[in-house]
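Colleague: I am new to reading models like this one. Can we go through some of the labels and ask what stands behind each?

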Amino acid sequence: MTNSEQLFQKAKTFIPGGVNSPVRAFRAVGGNPVFIKSAKGAYLHDEDGNSYIELINSWGPMILGHAHELVEKAVSDAIQQGFSFGAPTRREVEMAELICSMVPSVEKVRMVNSGTEATMSALRVARGYTGRDKLIKFEGNYHGHGDSFLIAAGSGAMTFGEPDSPGVTKGVANDTLTAQYNNLTAVQTLINANKGQIACIILEPVVGNMGLVKPVEGFLEGLRRICDEEGIILIFDEVMTGFRLAKGGFQERCGVIPDMTTMGKIIGGGMPVGAYGGKKEIMDMVSPLGPIYQAGTLSGNPMAMAAGLAMLNHLNETPSVYSRLEEIGTTLTNGMKANMDKLGLKYTINHVGSMFTLFFTDQPVNNFEDAKTSDTALFGRYFQAMLKRGIYLAPSQYEAMFLSTALTDEHIQMILEANLESLREVI
Ligand SMILES: *Cc1c(COP(=O)(O)O)cnc(C)c1O
């Protein structure tokens, strides 16, 4: 038995499924998860002495590669000054000012401890501000594990949500309406049937959580127009795309400005941090200024703020990070396409900047139904073949890859060689 196998066995005794977040258990791809001991730059190192080139980067946060010296130094400096005070600190002010300067829609911001907290809080604020109860979300979009977001879509264009998980009450589910992504007509239909009742529309402006799916031409603009007409709060969940697809998130790239934005992942530089922000008049409804309650003992934690500030300052001051990530993404996806064409394999690659997904389907993927046409068994075999060759992919077809600036041209060639060999082995 490997060290990872031993650890996993023991883990299963004490932790449900042996993991603290389900996708880590490798259930979608088979086999045992690899236990990671350390990471530096472009590499993960496991408990058995194997190394892997990283294409997940902690599901996004490690955009500069692992243990980047700027973040490392900021945290080790901060640690000398105490771990948590539960009182305001200078770094929180600097962080808030920086986020407001980077993200177009954000005039005021509140720090929380995860993406889940950010979306739950933003939803409460949208409800409190509008005095309405219902929300619209999109099939295949993930907004953390808050009750209101764990709702599967029904088959019709207009449906009341069914809870996705036991423990989510029918009452909560009834307030969550689900539409097909990239389908403005479906959204309009839901709104017409629930006039004056919709507090917000929340979405990933580029979806990373059903594999990478891009908004079609006019979709985001259409949502903006509908929200303006109906007095609905438009929330971009940029927990994945924020500070990744541009320093101001995807909203900077597409020019559609939401009313509120939720952030996470990169914002903490690897520490557990989230944030939500938006228009002043909306954010001023939050306690203690306004009546909408939201709080956190460890929110704005000094070490987390130090890590996040070091990360965001660097991203803000270094445009070459984003041009390099574009270059890596393009080289890698073009190389993969060439490999698959060589083998005559049917596929779709969706790609934006430093995020992409290889879908094992010959159809275009613009929504969850399209994504589900993928051959997930083939993906599982491909994942294992890549892992064996030292390339660490997201362990599910329905996830995006996240690139980092630690990837060199040599790493890209190694990934492409492994890609070709792995595909040869599994198709
Ligand atoms: C990861 C993610 C979340 C949840 O963030 P956690 O920090 O895991 O709670 C929310 N929304 C999106 C778009 C995400 O990718």
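Predicted model: local features only at pLDDT ≥ 70, side-chain atom pairs only at ≥ 80, totals over all residues.

Colleague: Where is Leu234, and which residues is Leu234 in contact with?
Modeller: Leu234 belongs to strand β10, residues 233-237. Setting aside neighbours within four places in sequence, its contacts are Ile201, Leu203, Leu223, Arg224, Cys227, Pro258, Asp259 and Met260. A contact requires heavy atoms within 4.5 Å.

Colleague: How far apart are Leu234 and Ile136 in sequence and in space?
Modeller: They are 98 residues apart in sequence. Their C-alpha atoms are 9.9 Å apart.

Colleague: Where is the place of Ile257, and what does Ile257 touch?
Modeller: Ile257 sits in the loop between α8 (250-254) and β11 (260-263). Not counting residues up to four places away in sequence, Ile257 touches Pro104, Ser105, Arg224 and Gln251.

Colleague: How far is Ile257 from Phe379?
Modeller: Along the chain, 122 residues. Between C-alpha atoms, 36 Å.

Colleague: What is the phi of Ser58, and what is the phi of Ala67?
Modeller: Phi of Ser58 is near 60 degrees, a positive value. Ala67 has a positive phi too, of about 50 degrees.

Colleague: Where do Ser58 and Ala67 lie?
Modeller: Ser58 is in the loop between β3 (51-54) and α2 (69-79). Ala67 is also in the loop between β3 and α2.

Colleague: Is the peptide bond from Ser287 to Pro288 cis or trans?
Modeller: Cis, with omega near 10 degrees. Most peptide bonds are trans. Pro288 is in the loop between α9 (280-283) and α10 (302-317).

Colleague: Now the whole chain. How do you know that the radius of gyration agrees with a compact globule?
Modeller: For 427 residues, a compact globule would come near 22 Å. The chain has 21 Å, so the two agree. The C-alpha atoms fill a box of roughly 55 × 55 × 45 Å along the principal axes.

Colleague: How many helices and strands are there, and what share of the residues is buried?
Modeller: The chain has 14 helices and 16 strands. Of its 427 residues, 55% count as buried.

Colleague: What share of contacts joins residues at least 24 apart?
Modeller: 70%, among contacts between residues at least 6 apart in sequence.

Colleague: Which domains is the chain divided into?
Modeller: Domain 1 is 3-67 + 319-426, and domain 2 is 69-317. The contact between them takes 33 residues from domain 1 and 33 residues from domain 2. Their centres, taken over C-alpha atoms, are 25 Å apart.

Conventions: Residues numbered from 1 in each chain as written. Heavy atoms only, no water. Helix = DSSP H or I, 4+ residues; strand = E, 2+ residues; numbered from the N terminus. Rg over C-alpha atoms; globule rule 2.2 N^0.38 Å. Buried < 20%, exposed > 50% of the residue type's maximum accessible area, 1.4 Å probe, protein only. Domains from an automatic or database assignment.
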